[in-house]
Amino acid sequence: MTGNPLGYVNAYLLREPDGYALIDCGWDVPDVLAALEAGLARYGVQLEEIRDVIVTHFHPDHYGLAGRLVRTVGARLMMHDIDARVAYDRLSDFTITFRENAQWFARNGYATGNDGSIKDEPARYSVVAPQRALNDGDEVPLAKGSLRVLWTPGHSPGHICLLDTTNSVLFSGDHILDPITPHVGTWSGQDDQDQLGAFLASLRKVRATRAGIVAPAHGRPFNDVTRRVDELLAHHDERELLVREALGSGPSSAGTIAAKLPWTRRHRTFAELGGFHQAFAVAETIAHLEHLRARNMVTRNERDGVLLYESGSE
Ligand SMILES: [Zn+2]
Ligand SMILES: [Zn+2]
């Protein structure tokens with residue numbers, strides 16, 4: 001996917017009783033459709049044989065092409081109903097979402113006008129309603145066995161993983177990646193939601209599957225779900241310590257705290273990050289602060305239109 005920060009998305013093809021299912025599908029540009037068709041052709045499969053497009057979450061690099069597949073080959077779209085609603089609310093008019101994100105970041109002390117948008121992203125999807133809304137515990141029949149839906153909110157509110165119980169394969173979307181750390185941020189419209197708390201609970205949930213193979217949306221499949229979940233849990237513990245250190249006794253905005261933290265695996269300074277990466281960094285900092293607030297470890301007050309966090313008296 002030209003222009004995508006991760007470069008590509010894995011689309012997984014599964015045999016159904018009558019045709020095929022595709023898990024995630026890339027965004028809607030001609031080179032992605034051509035790559036998908038070429039990949040299918042290697043297995044002697046035509047685009048028209050795809051009956052179901054199962055989307056792990058609403059982000060355009062996973063969901064973008066779904067609308068075209070629904071319209072042109074009559075595929076059925078399946079996704080969690082929360083992310084179907086988020087897609088409708090947030091993606092129908094991206095200009096409003098961008099504006100609200102820029103306002104949200106300003107309210108969090110990061111008033112650069114950066115809105116977290118990736119160039120030309122609005123052209124890379126169309127909003128389409130799912131034919132089947134998936135919920136936790138639902139089953140999607142396969143030629144052999146079935147896929148079990150695991151609702152794993154955090155990376156997005158309606159993110160799902162899919163467990164092939166016959167082969168012990170967990171299709172993890174963006175919930176578990178390796179070695180990338182999945183983004184967990186609080187964006188406009190998610191005020192007062194503990195995204196990080198939900199993400200950590202979802203990590204423990206997939207850990208309990210003891211899946212033999214994890215098939216992520218970015219990067220190569222790997223074996224040890226337990227090892228990766230434990231690394232991600234430890235990573236967020238470390239980040240929380242750094243956030244609390246940077247907060248000090250406060251009061252501080254999320255933007256001020258983000259600017260004091262190291263970022264990426266290479267420990268870049270905030271100033272070294274590009275505009276859209278800075279917006280993601282602030283969103284991640286807010287998620288950490290909100291997770292502390294959900295546990296009464298920090299308080300939040302609004303002053304002159306800016307949200308300020310302060311350590312609670314323990
Ligand atoms: Zn994503
Ligand atoms: Zn992704």
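A residue counts as buried if 20 or more other C-beta atoms lie within 10 Å of its own, as exposed if 12 or fewer do, and as partly exposed in between, with C-beta atoms placed from the backbone. By that rule, Val225, Arg228, Val229, Leu232, His236, Val243 and Leu247 are buried in helix α7. The model is predicted: local features need pLDDT of at least 70 and side-chain atom pairs count only at pLDDT 80 or more, while totals for chains, interfaces and linings use all residues. Residues are numbered from 1 along each chain as its sequence is written, and chains are lettered from A and ligands numbered from 1 in the order in which they are written. Helices (H or I, at least four residues) and strands (E, at least two) are DSSP runs, numbered from the N terminus.

**Helix α7**

- Helix α7 covers residues 225-247, which makes 23 residues.
- From its first C-alpha to its last, α7 reaches 33 Å, close to the 33 Å expected at 1.5 Å a residue; the expected span is 1.5 Å times one less than the number of residues.
- An α-helix has 3.6 residues a turn, so residues three or four places apart point the same way.

**The nonpolar core**

- A nonpolar core is a set of buried Ala, Val, Leu, Ile, Met, Phe, Trp, Tyr and Cys residues joined through C-beta atoms within 7 Å.
- The largest such core has 74 residues, and Val53, Leu162, Leu170 and Val282 have the most contacts inside it.
- Helix α9 (residues 275-294) gives the most to this core, with 8 residues.
- Leaving out residues up to four places away in sequence, Val53 touches Leu22, Cys25, Ala66, Leu69, Ala75 and Leu77; contact means C-beta atoms, placed from the backbone, within 7 Å.

**Sheet and hairpin**

- Five strands form an open sheet in the order β1-β2-β3-β4-β5, with mixed pairing; two strands pair if DSSP finds at least two bridges between them.
- β1 (12-16) and β5 (132-134) stand at the edges with a single partner strand each, so one side of each has no neighbour in the sheet.
- Neighbouring strands of this sheet are turned by 25 degrees against each other on average, direction ignored.
- Strands β3 (residues 50-54) and β4 (residues 76-80) run parallel and are joined by 3 bridges; Asp52 has Arg76 in β4 as its bridge partner.
- Helix α4 (residues 81-91) lies across β4 and β5, at about 100 degrees to β4; axes are lines fitted to C-alpha atoms, for helices over the stretch in contact, and angles run from 0 to 180 degrees between N-to-C directions.
- Strands β11 (residues 298-303) and β12 (residues 306-311) run antiparallel, joined by 6 bridges, and Thr299 stands opposite Glu310 in β12.
- These two strands form a hairpin with 2 residues between them, and Asp304 in the turn has a positive phi of about 50 degrees.

**Backbone exceptions in loops**

- Most residues other than glycine have a negative phi, and most peptide bonds are trans.
- A cis peptide bond with omega of about 5 degrees joins Asp178 and Pro179; Pro179 lies in the loop between β9 (169-173) and α6 (195-207).
- Gly250 and Pro251 are also linked by a cis bond, with omega near -5 degrees, and Pro251 is in the loop between α7 and α8 (254-260).
- Asp24, not a glycine, has a positive phi of about 65 degrees; Asp24 lies in the loop between β2 (19-23) and α1 (30-41) and is buried, with 25 other C-beta atoms within 10 Å.
- His267 has a positive phi near 55 degrees; His267 lies in the loop between α8 and α9 and is exposed, with 9 other C-beta atoms within 10 Å.

Technical notes:
Two residues are in contact if their C-beta atoms, placed from the backbone, lie within 7 Å.
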